[in-house]
Structure formats: C-alpha cells, structure tokens
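Visitor: I'd like a quick tour of this one, salt bridges and cores included. Where shall we start?

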Amino acid sequence: MVSYKELGLVNTRELFKKAIAGNYAIPAFNFNNMEQMQAIVQACVEKQSPVILQVSSGARKYANQTLLRYMAQGACEYAKELGHAIPIVLHLDHGDTFELCKSCVEYGFSSVMIDGSAHSYEDNVALTKKVVEFAHAHDVTVEGELGVLAGIEDEVSHETHSYTRPEEVEDFVSKTGVDSLAISIGTSHGAYKFKPEQCTRDENGKLVPPPLRFDILKEIEKRIPGFPIVLHGSSSVPQQYVDQINQYGGKLEAAVGIPEEQLREAAKSAVCKINIDSDGRLAMTAAIRKVFVEKPAEFDPRKYLGPARDELKKLYMHKVENVLGSAFKA
C-alpha cells in the first residue's frame, strides 16, 4: 500500500470546493507516456493551474501501474523544479470494477472513478457505495456516474447515450457517498462525437453540433446544490488539427467536438472537472505527421515526440486559460 500523500499528490475535495466558488473547472487531462505528462505539467505550471492527471484502465496497462506511480510523483517534483508546486491529482478514469479501483488506491492514486453506468441503477448504487467505503478509508475521493455517454474511449464504448435523470441524482449521491458525479448532458467520447446529419452548418460551412442540455444541468444543480459535477467527453476537436492530420496523410472525416464556448459556460456552474483527451491526441498526431512528411529521413523519436509535446503544451495552455478558467487558481 502506497499513500498518494507520500508521492506529493492531493485528492479533489478542496480543489472542487474552490472551483465551484470561483466559477471555473479543473482540467482533467489523460496521459499515457512521458511526453504527455511533461506537456501537461509544463502548461499547468506556466498558467499556475491545478490539474488532474487522468489514467484510464487501458493507459494503466500500457504504461504499467508501478511506472505510473513514479511518473505522478515525478510530475509533482517536476512542477516544483519549474517554479510552482501546483496541486496535482492522480485519478483513475472510468474504473469499471471494485478490484480495479482498490488496486489504484493501493498504488497511490488520490482519486478514482467507478463507472457503474452500464449496470442497473440499483447495481450502480451498490458498486459505487462499495468503492466509496474502501476509498474513503484511505482519504481517496471518488467520482461516480449517472447516465451513459456515447462514443469510444479506450475500453469504454457505447453506441448510444442516455441523459442523466435529474430525479435520480439526490438519491444516488446520498446512498453512495460519492464526492463528485459525472453526468450525461450531450457530450460524448472520442473525436467523432456527432454524425454530420446531427449537426447544422454555420455561415462558414463549419459543422455545429447540437447544444449541450443545460436545462438538465440546471435541474441537477437545483436538486444537489453545490455538489461537484463532472463532464466527460469534452474535447472540442480543433479543426486545425483535423485539417493538418488530413493534409499530412491522415483520414479523419467529419470529426466534430463540443464548442469551447459551451464548455466555458458549463465551467461557470457546478461543473468543476472537465475531461479532455481526444484533443490532446489530435494535437500530438498532427505534429508527428507533419514531421514524418516534411522530414522523411528522421528516425530519432525525440525529433518528432518533442514537437508533439510542444504542440500539446500550447493546446493545454489555451484550454486552461480560455476554456476552463483555471489559470492562476493553483
């Protein structure tokens, strides 16, 4: 058993209180490797933002659970070295079993998500409560989920979505004891969040997705006032990265994300954690493809992963300052 406190990490409890009071959201950026972690820490230190380092079940298998622990500890030390000891959370994204959540707590995670949304309501409550009881014994915070997001993210895949039912949230929170709640109001996983036929086009011909269901969010806030809300699947799929990937040999057709202005509006509510993964993948892939095409003789990984890291840092600095509003809140 390793305590996250020994690694220099924090849980989400105080961060979420401050975020709700300050009308901003904490960035939750997924990472799988060193370059992603470097970019996240560099961006958030430079903008003095708290940050949640997210690890999916697939990323944990890819990177190795022991290495991830030391990478998170390294992130805390790296932030100090860069000049600002920002609050850093290590969070399990979309944990689907009690055993996985328990293992993450034992390996030094400071926050875990138990996603029981694929189960019946009663089974979701029971599973979430079991995780909460174990995690809270070690002062680890827990995120639950009500409603189902469509799309694909690592090992999480749903063809259709179901909006969160506001009438269930109060009962769920009180029975489970969760610290935050992921809800479904129209976001979805992956780069292909909406089909073209679901969108309209603006005056420039750009695909515009259906707006988020802020009515559902407001109703949830009425029922559990001041309770921390989480948005998954909140990448905006920047068109410049899609275009660059396609320009340099890729094939991303009709990739559509969540407009950033809608995410900024959400961040001013009880939504205090916003998850962004696909945008980072797009930024890195666009940068790597450009190097491969323009410098086909290049074979030093540092020469293409370095530019990818720099592009990711630039993207995340923009997200922190202009979308989530968490800059200078560390």
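Visitor: Lys314 and Glu311 both lie in which helix, and how many residues apart?

Guide: A word first: this is a predicted model, with local features needing pLDDT of at least 70 and side-chain atom pairs counting only at pLDDT 80 or more, while totals for chains, interfaces and linings use all residues. Residues are numbered from 1 along each chain as its sequence is written, and side-chain values use heavy atoms, leaving out hydrogens and water. Now the pair: Lys314 and Glu311 form a salt bridge with closest N and O atoms 3.4 Å apart (a side-chain nitrogen of Lys or Arg within 4 Å of a carboxyl oxygen of Asp or Glu). The spacing is about one turn of the helix, and both residues sit in helix 13, three residues apart.

Visitor: Is Lys314 buried or exposed?

Guide: Buried means under 20% relative accessible area, exposed over 50%, and partly exposed in between, with a 1.4 Å probe and protein chains only. Lys314 has 51% relative accessibility, so it counts as exposed.

Visitor: Which parts does the salt bridge of Glu321 and Lys47 tie together, and how far apart are they in sequence?

Guide: The N to O distance in this bridge is 2.7 Å. Glu321 is partly exposed at 37%, whereas Lys47 is buried at 14%. Helices (H or I, at least four residues) and strands (E, at least two) are DSSP runs, numbered from the N terminus. Glu321 belongs to helix 13 and Lys47 to the loop between helix 3 and strand 2, so the bridge joins parts 274 residues apart in sequence.

Visitor: Which residue forms a salt bridge with Glu143?

Guide: Glu143 lies in strand 5 and its partner in strand 12, so parts 130 residues apart in sequence are tied together. Both residues are buried. With the closest N and O atoms 2.9 Å apart, the partner is Lys273.

Visitor: Which residues have the most contacts inside the largest nonpolar core?

Guide: Such a core is a set of buried Ala, Val, Leu, Ile, Met, Phe, Trp, Tyr and Cys residues joined through side-chain atoms within 4.5 Å. The largest has 94 residues, and its largest share, nine residues, comes from helix 13. The residues with the most contacts inside it are Phe31, Ile88, Val112, Leu181 and Ile229.

Visitor: At what angle do helix 10 and helix 12 pack?

Guide: Axes are lines fitted to C-alpha atoms, for helices over the stretch in contact (heavy atoms within 4.5 Å), and angles run from 0 to 180 degrees between N-to-C directions. The two axes are 8 Å apart, and the angle is about 35°.
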